[in-house]
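Open the structure in your viewer and keep the selection tool at hand.

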Amino acid sequence: MSGRREEERELQGFLRDVDEVAALIEGLKSTDPDVQAKAMAATEKRLQSVSDKDGKKPKPKVDKTVINVRPSPSGLSSQEEMMSPESFLAALEKDAHERARRRKENEASANALKEKGNDAFGQGDYALAVQNYTEGLKKQKDMPALYTNRAQAYIKLQKYEKAIDDCSWALRCDAKCTKALFHMGKAYLAKKQFQQARECYLKILKFDSQKEKLCKDCISEIDLEEKRLSEEEAASEDLKTGKLTAVAVSEMLQKLSKPDQDPLYYAGGLQLLTDLVQACPEQTLFRTNGGFGVISNNKVIERVLSAKINSPAELELACSLLLLWQAVCKGNEENQRLLLTHPSVNVQLPALLCSEAPEVQEECLALLCLYAKTEHGRVLLIRHLNTTKWLQTLISFVKVADCRADSAMNLLTHLILEENFKIQCRIKLSTEALPIFIQLLSSSKPLNETALSRCIALLGDLCSDVVIRMQMAENQECWQACLSFVNQCWTENSITRYPECLYAVLGLMMNLSLEPNSVIEELAEEICDTCMSLFNSPDGRIISRAVGLLSHILLASRGALEEAVRRDVVRKMIRFLKAGGQTTTNYAMKVLAACAKSSRLAPMQIVKLDKKCHLLRKLLSWPDEVVAGNSAFCLGKCLEVPGTATTLLDTDVVRILLRATTRNAQRPYVQENAAIALGKLCTADARHASRLRELNGMAALSASVRKMPGP
């Protein structure tokens, strides 16, 4: 203990010396005579004290009142010259340079020793790592990284008190050293000092808000460990006091440890145990009394897990085991963790998901869904199990006609909430998952409509991952399957089969069309034709998505756009706009804007169908910026049609456009397109310009035009 105090005194003294020397140099360089005189006095005192410490004879003191910094006609004596301010400064700077040189050498040596320590740590030789970090600290005592690295090695060696001491030293060198706080928190957690551990991570958040997720995870780990200890203490007390269920759990586990019994013997015992472990104390007793050891220590149970099920007795045993796991893991995070980290379960649980026995699959899905309902459980699944093949496995359950399909979709719904699962889905998507999905869409057999529609929708949700979306969007077979499925669901006589599936597949196609590519361009006209055929659907949701998909496709293909205009798409969009509906209005205006931009015929059709541009003027005030901006754009294009401006003389179009130009600074798309339309209006008919002057709008229009970005 005294050795640590001595080290601390040495470090603090060293740091004070550095600060004092730096302050003296600044003082001697000062142009203020008073500051310089004080620095000289302090410097002489410091040099004198250094000489005394070294055991040297002190130099004679000089009365500073006789020192003259100006040249003397007779010249200065050698002693006087040595004691001049210039001499003091030169000596002190020389000393500072020497100190800096030695410090640089020591720093290089310390860094080299740190790297040697890191290499030893990486190889698992934590004692050697500690030795190297310690040697490095002899070279440079104020290097926080050496303390934090040594603390990490001490934690591996379970020397938690020493780790905490090292972290404290690092914080003396750098009060904001988050690495020191992190390892200190780990050491406190290992010592079961939960409150101190929490405080470490809360301090990290004060210094670095970007580490919020890391600190949240660490605090959750602390909470779980504290909860685990509390549960185990309560369960132990129940067993000591002879609580019936507690004693029964212990006795049943002893009976199940009996080797080489018939599978039905173990199945019956597991079923009785399942009934007993429905509450937290009994779940905890299962864990603390070797319940998970039943898996690895019983050859009969292990055989059922690792091999093909060959008899009804083995099937019952496998299902009983899965039901027991559900019971002991429900709401118990520590049991969930122990089960998934058990070697046998880690390997066999994914295999059970693909078992040939439907009953085993059903119970396995139920167990996995239990995990996936919580963030903690999902993280455990993704961290400890290989889920790269789960997407195709879960999609394949849609083919079955029982509850397994719904359970598989429930599991997938929860899993795709995790980004890491999406990343794992990328690996097998093109080679395994998509072919199964394409088979589902192309199947001639009746399917579970609810499960299929959810499956399609979940694939659409997965497209929020750019990599997955690009893989699917560039797969021509996927597009062809989607188109064929739409045609299968929608017939010429307007009869809709699988309406929920049709709605879902249109949503998927909308997501895929966000990534323009050669496949979409090649199929654009066919997709456009499919969308327009759906405009007669009695289901407004399907119409809305068909218009939305069309709004994406027309931007990707000039040929598809021209074909759509020829097929009277403008008339259909005007009809939808008049019917209203926020989502459909948004998509329909995008279609009109795309047509107006690339087709000469489209603006003329709009002018003909929308008398005096009544609908466009109305939509200029729409709260959605995209709708209002596209309305202004289309109006500008319509004003290029001869005679349109004149037909609007008796309307309030100037006032509406001026308002959109001057009051939409926060909606630049609306402001810019409204200003352009207003300019075209005034150019096409001077009477509109006169009206604009009456409204004092010329200056506002000019200002808006000047703000527009250049070409």
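## Stop one: a pair of helices

Select α11 and α12: α11 passes α12 in a left-handed crossing. Bear in mind that this is a predicted model.

Now show side chains. On α11, the contact is made by A248, V249, M252, L253, K255 and L256. On α12, the partners are Y265, Y266, G269, L270, L272, L273 and L276. Colour these residues by type. The contact of α11 with α12 divides into 11 nonpolar, 1 polar and 1 charged.

Next, look at the axes. Two packed helices are described by the angle between their axes and the distance between the axes. Helix α11 covers residues 244-256, and helix α12 covers residues 263-276. Their axes come within 10 Å and cross at roughly 165°. Angles over 145 degrees count as roughly antiparallel, so α11 and α12 are roughly antiparallel to each other.

## Stop two: helix α31

Move on to residues 569-579, which form helix α31. Which residues of α31 are buried? Select V569, V570, M573, I574, F576 and L577: these are the buried ones. They cover an arc of only 165° around the axis, which puts them on the same side of α31.

The buried residues of α31 pack against α28 (518-533), α29 (540-556) and α30 (558-566). They also pack against α32 (582-598), α33 (601-609) and α34 (614-619).

Methods. Residues are numbered from 1 along each chain as its sequence is written. This is a predicted model: local features need pLDDT of at least 70, side-chain atom pairs count only at pLDDT 80 or more; totals for chains, interfaces and linings use all residues. Side-chain values use heavy atoms; hydrogens and water are left out. Buried means under 20% relative accessible area, exposed over 50%, partly exposed in between (1.4 Å probe, protein chains only). Helices (H or I, at least four residues) and strands (E, at least two) are DSSP runs, numbered from the N terminus. The arc is that of the directions from the helix axis to the C-beta atoms. Contact means heavy atoms within 4.5 Å. Axes are lines fitted to C-alpha atoms, for helices over the stretch in contact, and angles run from 0 to 180 degrees between N-to-C directions. Angles under 35 degrees count as roughly parallel, over 145 as roughly antiparallel, 65 to 115 as roughly perpendicular and the rest as oblique. A crossing is left-handed if the near helix is turned anticlockwise from the far one by less than a right angle, and right-handed if clockwise. Ala, Val, Leu, Ile, Met, Phe, Trp, Tyr, Cys and Pro count as nonpolar, Asp, Glu, Lys and Arg as charged, and the others, Gly among them, as polar.
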